[in-house]
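This briefing covers the sheet, the nonpolar cores and the salt bridges of the structure shown below. Please read it alongside the sequence.

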Amino acid sequence: METPAALDEFDRIDIRAGTVVDAKPFPEARKPSIQLWVDFGEGIGIRRSSAQVTVHYAPETLIGRQVMAVVNFAPRRIAGFMSEVLVLGAPDEAGAVVLLRPDQPVPNGARMF
(Lines give C-alpha, C1' and ligand atoms only; values in the text may rest on other atoms or scores of the structure.)
Protein backbone atom coordinates (compact mmCIF):
# COMPACT_ATOMS: atom_id res chain seq x y z
CA MET A 1 0.00 0.00 0.00
CA GLU A 2 1.18 3.52 -0.75
CA THR A 3 1.68 6.24 1.83
CA PRO A 4 -1.72 7.33 3.18
CA ALA A 5 -3.11 10.55 1.71
CA ALA A 6 -4.03 13.42 3.97
CA LEU A 7 -7.67 14.52 3.94
CA ASP A 8 -6.72 17.92 2.49
CA GLU A 9 -5.08 16.12 -0.47
CA PHE A 10 -8.33 14.27 -1.18
CA ASP A 11 -10.32 17.50 -0.82
CA ARG A 12 -8.26 19.07 -3.64
CA ILE A 13 -9.60 16.52 -6.14
CA ASP A 14 -12.98 17.74 -7.42
CA ILE A 15 -15.06 14.70 -8.42
CA ARG A 16 -18.52 15.49 -9.78
CA ALA A 17 -21.50 13.69 -11.27
CA GLY A 18 -22.48 14.55 -14.82
CA THR A 19 -24.69 13.24 -17.60
CA VAL A 20 -23.31 12.21 -20.98
CA VAL A 21 -25.07 14.37 -23.59
CA ASP A 22 -23.08 13.23 -26.64
CA ALA A 23 -20.67 10.42 -27.47
CA LYS A 24 -18.77 9.61 -30.66
CA PRO A 25 -16.26 6.99 -31.76
CA PHE A 26 -12.66 8.22 -31.57
CA PRO A 27 -10.71 6.26 -34.20
CA GLU A 28 -7.80 8.75 -34.15
CA ALA A 29 -6.83 7.75 -30.58
CA ARG A 30 -3.95 5.25 -30.17
CA LYS A 31 -6.11 2.97 -28.00
CA PRO A 32 -9.80 2.36 -28.79
CA SER A 33 -11.70 5.25 -27.23
CA ILE A 34 -14.93 7.21 -27.26
CA GLN A 35 -15.23 11.00 -27.18
CA LEU A 36 -17.69 12.13 -24.51
CA TRP A 37 -19.46 15.40 -23.82
CA VAL A 38 -20.62 15.46 -20.20
CA ASP A 39 -23.01 18.01 -18.66
CA PHE A 40 -21.96 18.95 -15.12
CA GLY A 41 -24.72 21.53 -14.70
CA GLU A 42 -24.63 25.23 -13.99
CA GLY A 43 -21.23 26.56 -13.01
CA ILE A 44 -19.19 23.87 -14.77
CA GLY A 45 -21.21 23.24 -17.92
CA ILE A 46 -20.47 20.70 -20.63
CA ARG A 47 -16.93 19.31 -20.64
CA ARG A 48 -15.23 16.87 -23.02
CA SER A 49 -13.41 13.65 -22.26
CA SER A 50 -11.73 10.82 -24.13
CA ALA A 51 -12.49 7.47 -22.49
CA GLN A 52 -11.08 4.00 -23.23
CA VAL A 53 -14.40 2.27 -22.61
CA THR A 54 -15.10 0.55 -25.95
CA VAL A 55 -15.15 -3.02 -24.56
CA HIS A 56 -18.34 -2.51 -22.54
CA TYR A 57 -19.91 0.56 -24.17
CA ALA A 58 -20.93 1.85 -27.60
CA PRO A 59 -21.30 5.63 -28.01
CA GLU A 60 -25.08 5.49 -28.35
CA THR A 61 -25.44 3.52 -25.08
CA LEU A 62 -23.63 6.23 -23.11
CA ILE A 63 -25.94 9.15 -23.94
CA GLY A 64 -28.10 9.91 -20.90
CA ARG A 65 -25.89 7.91 -18.51
CA GLN A 66 -24.59 9.59 -15.38
CA VAL A 67 -20.85 9.26 -14.77
CA MET A 68 -18.35 10.43 -12.18
CA ALA A 69 -15.38 12.53 -13.28
CA VAL A 70 -12.51 14.60 -11.96
CA VAL A 71 -13.24 18.13 -13.18
CA ASN A 72 -10.19 20.03 -11.92
CA PHE A 73 -7.26 18.31 -13.67
CA ALA A 74 -5.48 20.28 -16.40
CA PRO A 75 -6.88 19.54 -19.89
CA ARG A 76 -4.92 17.12 -22.10
CA ARG A 77 -4.80 17.00 -25.89
CA ILE A 78 -5.35 13.45 -27.15
CA ALA A 79 -5.01 12.93 -30.91
CA GLY A 80 -6.13 16.52 -31.55
CA PHE A 81 -9.09 16.31 -29.12
CA MET A 82 -9.00 18.39 -25.92
CA SER A 83 -9.97 16.16 -22.99
CA GLU A 84 -11.08 18.45 -20.17
CA VAL A 85 -12.19 15.98 -17.48
CA LEU A 86 -11.18 12.49 -16.36
CA VAL A 87 -14.17 10.15 -16.41
CA LEU A 88 -13.66 7.52 -13.71
CA GLY A 89 -13.85 3.76 -14.04
CA ALA A 90 -12.56 0.54 -12.55
CA PRO A 91 -11.21 -2.53 -14.36
CA ASP A 92 -13.23 -5.70 -14.67
CA GLU A 93 -11.51 -9.08 -14.28
CA ALA A 94 -10.07 -8.81 -17.80
CA GLY A 95 -8.87 -5.21 -17.30
CA ALA A 96 -11.58 -3.50 -19.39
CA VAL A 97 -12.93 -0.25 -17.95
CA VAL A 98 -16.34 -0.20 -16.25
CA LEU A 99 -17.58 3.34 -15.65
CA LEU A 100 -18.29 4.57 -12.12
CA ARG A 101 -21.67 6.20 -11.58
CA PRO A 102 -24.10 6.99 -8.78
CA ASP A 103 -26.51 4.15 -8.04
CA GLN A 104 -29.36 6.70 -7.75
CA PRO A 105 -29.85 9.81 -9.94
CA VAL A 106 -28.17 12.93 -8.53
CA PRO A 107 -28.10 16.51 -9.83
CA ASN A 108 -25.48 17.22 -12.48
CA GLY A 109 -22.52 18.83 -10.76
CA ALA A 110 -23.09 17.03 -7.42
CA ARG A 111 -19.70 16.76 -5.71
CA MET A 112 -18.47 13.45 -4.38
CA PHE A 113 -17.46 13.45 -0.73
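**Sheet architecture and packing**

Five strands make up an open sheet, ordered β3-β2-β1-β4-β7, with antiparallel pairing. The edge positions are taken by β3 (46-51) and β7 (86-87); each has a single partner strand, so one side of each is left without a neighbour in the sheet. The model is predicted.

**Annotated region**
- UniProt, in an unreviewed entry, lists residues 9-113 under "domain: TRNA-binding".

**Strand pairing**
- Strands of a sheet pair through backbone hydrogen bonds, in either a parallel or an antiparallel manner.
- β1 (residues 15-25) and β4 (residues 66-70) run antiparallel and are joined by five bridges; T19 stands opposite Q66 of β4.
- β2 and β3 also run antiparallel, and six bridges join them; L36 has S49 in β3 as its bridge partner.
- Six residues lie between the strands in the hairpin of β2 and β3, where G41 adopts a positive phi near 80°.

**Nonpolar cores**
- The largest nonpolar core has 17 residues, of which V20, L36, F40, V53, L62, V87 and L99 touch the most other members.
- β1, β2 (34-39) and β4 are the elements that give two or more residues to this core, and the largest share, three residues, comes from β2.
- A second, separate core contains five residues, including I15, A17, M68 and L88.
- Beyond its neighbours within four places in sequence, F40 has contacts that include R16, A17, G18, G45, R47 and A69. V71, V85, N108 and G109 are also among the contacts of F40.

**Salt bridges**
- The whole structure holds four salt bridges.
- D14 is paired with R16, with the closest N and O atoms 2.6 Å apart; at 13% relative accessibility, D14 counts as buried.
- D14 also meets R111 in a salt bridge, at 3.4 Å from N to O. R111 lies in the segment after β9 (97-99) and D14 in the loop between α1 (7-12) and β1, so this pair ties together parts that are 97 residues apart in sequence.
- R111 is partly exposed, at 38% relative accessibility.
- D22 and K24 form a salt bridge through their side chains, at 3.7 Å from N to O. Both count as partly exposed, D22 with a relative accessible area of 25% and K24 at 39% relative accessibility.
- Through shared partners, salt bridges join D14, R16 and R111 into one network.

Key
Residues are numbered from 1 along each chain as its sequence is written. This is a predicted model: local features need pLDDT of at least 70, side-chain atom pairs count only at pLDDT 80 or more; totals for chains, interfaces and linings use all residues. Side-chain values use heavy atoms; hydrogens and water are left out. Two strands pair if DSSP finds at least two bridges between them. Helices (H or I, at least four residues) and strands (E, at least two) are DSSP runs, numbered from the N terminus. UniProt positions are given in the numbering used here, feature names are shortened, and annotations may be inferred rather than shown by experiment. A nonpolar core is a set of buried Ala, Val, Leu, Ile, Met, Phe, Trp, Tyr and Cys residues joined through side-chain atoms within 4.5 Å. Buried means under 20% relative accessible area, exposed over 50%, partly exposed in between (1.4 Å probe, protein chains only). Contact means heavy atoms within 4.5 Å.
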